[in-house]
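I opened a new structure today and kept notes as I went. The entries are in the order I looked things up.

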Amino acid sequence: MKLCPKCNHSPLPFLMVFVVASVSAFVTWLTVGLSITQTTPRAAASALAFVVVGWALLHYVLSCLRRHCRHDERSAARRAVLDSPGQPGNDRPGSRLGAVGAAAEI
Ligand SMILES: [Zn+2]
């Protein structure tokens with residue numbers, strides 16, 4: 001997934017993904033240890049929990065970073081189109097309601 005260079009600077013979301021995946025792997029290690037005393041299946045289950053949770057959170061964080069990016073030109077142009085004057089109701093806040101009220105009086 002491609003991120004813009006400005007959004008790519010902060011390591012905090014990825015650090016958070018690592019911490020949450022590590023905590024889930026540790027809880028899995030403790031939980032599996034209640035029923036399985038051998039080290040290898042516990043480690044495998046913990047590694048599986050780390051990979052699955054880390055993969056899901058990493059994709060979620062990357063999609064959020066891409067969705068909420070305000071740095072590229074395309075999203076700035078889209079905002080400019082949305083905020084452009086000349087659309088109905090842009091000149092004053094109650095103009096649409098005024099038209100509705102005038103139609104209701106007729
Ligand atoms: Zn960005």
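**Entry 1: the model itself.** I noted at the outset that this is a predicted model. I looked up the confidence next. The mean pLDDT of the protein is 80. I found that 66% of its residues reach 70 or more. Which element has the lowest mean pLDDT, and which the highest? Helix 4, residues 95-105, has the lowest, at 50. Helix 1 has the highest, at 96.

**Entry 2: the overall make-up.** I counted the elements. The protein has 4 helices and 0 strands. Read from the N terminus, the order is α-α-α-α. I then checked burial. Of the 106 residues in the protein, 6% are buried. I also looked at contacts between residues at least 6 apart in sequence. Of these, 66% join residues at least 24 apart.

**Entry 3: the core.** Which residues form the largest nonpolar core? I listed 5 residues: Val 17, Ala 21, Ala 25, Ala 49 and Phe 50. Helix 1 (12-32) and helix 2 (39-67) each supply at least two residues of this core. The largest share, 3 residues, comes from helix 1.

I picked Ala 21 from that list to see what it touches. I left aside its neighbours within four places in sequence. Ala 21 is then in contact with Phe 50, Val 53, Gly 54 and Leu 57.

**Entry 4: helix 1.** I took its length first. Helix 1 has 21 residues. From its first C-alpha to its last, helix 1 reaches 30 Å, close to the 30 Å expected at 1.5 Å a residue.

Then I asked where its buried residues sit. In helix 1, Val 17, Ala 21 and Ala 25 are buried. Seen down the axis of helix 1, the buried residues fall within an arc of 65°, so they line one face of the helix. I reminded myself of the geometry: an α-helix has 3.6 residues a turn, so residues three or four places apart point the same way.

I looked at the other side of helix 1 too. There, Leu 12, Leu 15, Met 16, Val 19, Val 27 and Leu 30 are exposed. What covers the buried residues of helix 1? The cover includes helix 2.

**Entry 5: helix 2.** I repeated the length check. Helix 2 has 29 residues, which should span 42 Å at 1.5 Å a residue. Its end C-alpha atoms are 42 Å apart, which agrees.

Which residues of helix 2 are buried? They are Ser 46, Ala 49 and Phe 50. The cover over the buried residues of helix 2 includes helix 1.

**Entry 6: Tyr 60.** I moved on to single residues. Tyr 60 lies in helix 2. Is Tyr 60 buried or exposed? I found 12 other C-beta atoms within 10 Å, so Tyr 60 is exposed. I also took a distance across the sequence. Tyr 60 and Val 17 are 43 residues apart along the chain, and their C-alpha atoms are separated by 9.6 Å.

**Entry 7: Leu 62.** Leu 62 lies in helix 2 as well. Leu 62 has 17 C-beta neighbours inside 10 Å, so it counts as partly exposed.

**Entry 8: Pro 5.** My last stop was in the segment before helix 1, where Pro 5 lies. Why does Pro 5 count as exposed? Pro 5 counts as exposed because it has 7 C-beta neighbours inside 10 Å.

Conventions: Residues numbered from 1 in each chain as written. Predicted model: local features only at pLDDT ≥ 70, side-chain atom pairs only at ≥ 80, totals over all residues. Buried ≥ 20, exposed ≤ 12 C-beta atoms within 10 Å, placed from the backbone. Contact = placed C-beta atoms within 7 Å. Core = buried A, V, L, I, M, F, W, Y, C linked by C-beta atoms within 7 Å. Expected span 1.5 Å × (residues − 1). Arc of directions from axis to C-beta. pLDDT = per-residue confidence, 0-100.
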